[in-house]
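Please read the following note beside the sequence and the model.

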Amino acid sequence: MNDIFYSIHYFIIFLLLGIIGFAILGRVTKHKLLAYAVAKPIGLAVIGYPIWLMSSMKVFNFQNDLIIQIFFLIAAIAATFFILSDPKKYLPDIKGFAIKAVIFELASIILFGGYLYIRAFNSNLEGTEKFMDLAMLMSSGKTDFFPFFDFWAAGKDVNYYYYG
């Protein structure tokens, strides 16, 4: 039951990131469906990069959930005001777009569910890179500021393999 909750939580976060990204891309391109399709990575970059940058400059603690929630709140409010400012100009065919967006999200849910179903049968960490990926993910999740501590060299920051 806990895994289902995390899956739904993950999907809702990316749905919110998609709304934020769509609010930005909607004004840049005339192709609203294309903007919706690439909105989630753009929303992630818009929210994630300032958080990473401020944590790297030691402006705020990465583990402070309140600051991350404030970023999401500000971005969601900005996206809401942006979308509600002039819906006819922003989306001339709201009903047609909504149907396409729902189909797109249903396809995303089906693909995500299929991935989770397949992954549930083999969740083993096998192969050389998966251990490194997990170690870096665990180390970055436990840090207060970036760059995070190197898990191989105690007390030193991660160096050559950081951020790519």
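1. Is Gly 141 buried, partly exposed or exposed? Gly 141 is partly exposed, with a relative accessible area of 41%; buried means under 20% relative accessible area, exposed over 50%, and partly exposed in between, using a 1.4 Å probe and protein chains only. Gly 141 belongs to helix α7 (residues 128–141). Helices here are DSSP runs (H or I) of at least four residues, and strands (E) are runs of at least two, numbered from the N terminus.

2. This is a predicted model, in which local features need pLDDT of at least 70, side-chain atom pairs count only at pLDDT 80 or more, and totals for chains, interfaces and linings use all residues. Residues are numbered from 1 along each chain as its sequence is written, and side-chain values use heavy atoms, with hydrogens and water left out. The pLDDT, the predictor's confidence in each residue from 0 to 100, averages 81 for the protein, and 90% of the residues score at least 70. Confidence is lowest in helix α5 (residues 87–90), with a mean of 67, and highest in α6, with 88.

3. How many salt bridges does a search of the whole structure find? The search finds 1, where a salt bridge is a side-chain nitrogen of Lys or Arg within 4 Å of a carboxyl oxygen of Asp or Glu. The partners are Glu 105 and Lys 40, at 3.2 Å from N to O. Because Glu 105 lies in helix α6 (residues 94–121) and Lys 40 in helix α3 (residues 39–56), the pair ties together parts that are 65 residues apart in sequence. Both Glu 105 and Lys 40 are buried. Side chains of opposite charge can pair when their charged atoms come close.

4. The largest nonpolar core has 7 residues, namely Phe 22, Leu 25, Ala 35, Tyr 36, Ala 39, Phe 97 and Ala 101. Such a core is a set of buried Ala, Val, Leu, Ile, Met, Phe, Trp, Tyr and Cys residues joined through side-chain atoms within 4.5 Å. At least two residues of this core come from each of α1 (2–28), α2 (32–37) and α6. A second, separate core of 6 residues includes Ile 20, Ile 47, Ile 51 and Phe 60.

5. The structure holds 13 aromatic pairs. Rings of Phe, Tyr and Trp (its six-membered ring) pair if their centres lie within 6.5 Å; planes under 30 degrees apart count as stacked, over 60 as edge-to-face and the rest as tilted. Tyr 10 and Phe 14 form a tilted pair, at 4.9 Å centre to centre and 45° between the planes. These two residues lie in helix α1, 4 residues apart, about one turn of the helix. Tyr 10 is partly exposed at 43% relative accessibility, and Phe 14 is also partly exposed, at 24%. Tyr 10, Phe 11, Phe 14 and Phe 112 form one aromatic cluster.

6. In helix α3, Tyr 49 and Trp 52 lie 3 residues apart, about one turn of the helix. Their ring centres are 5.7 Å apart and their planes at 35°, so this pair is tilted. Tyr 49 is partly exposed, with a relative accessible area of 43%.
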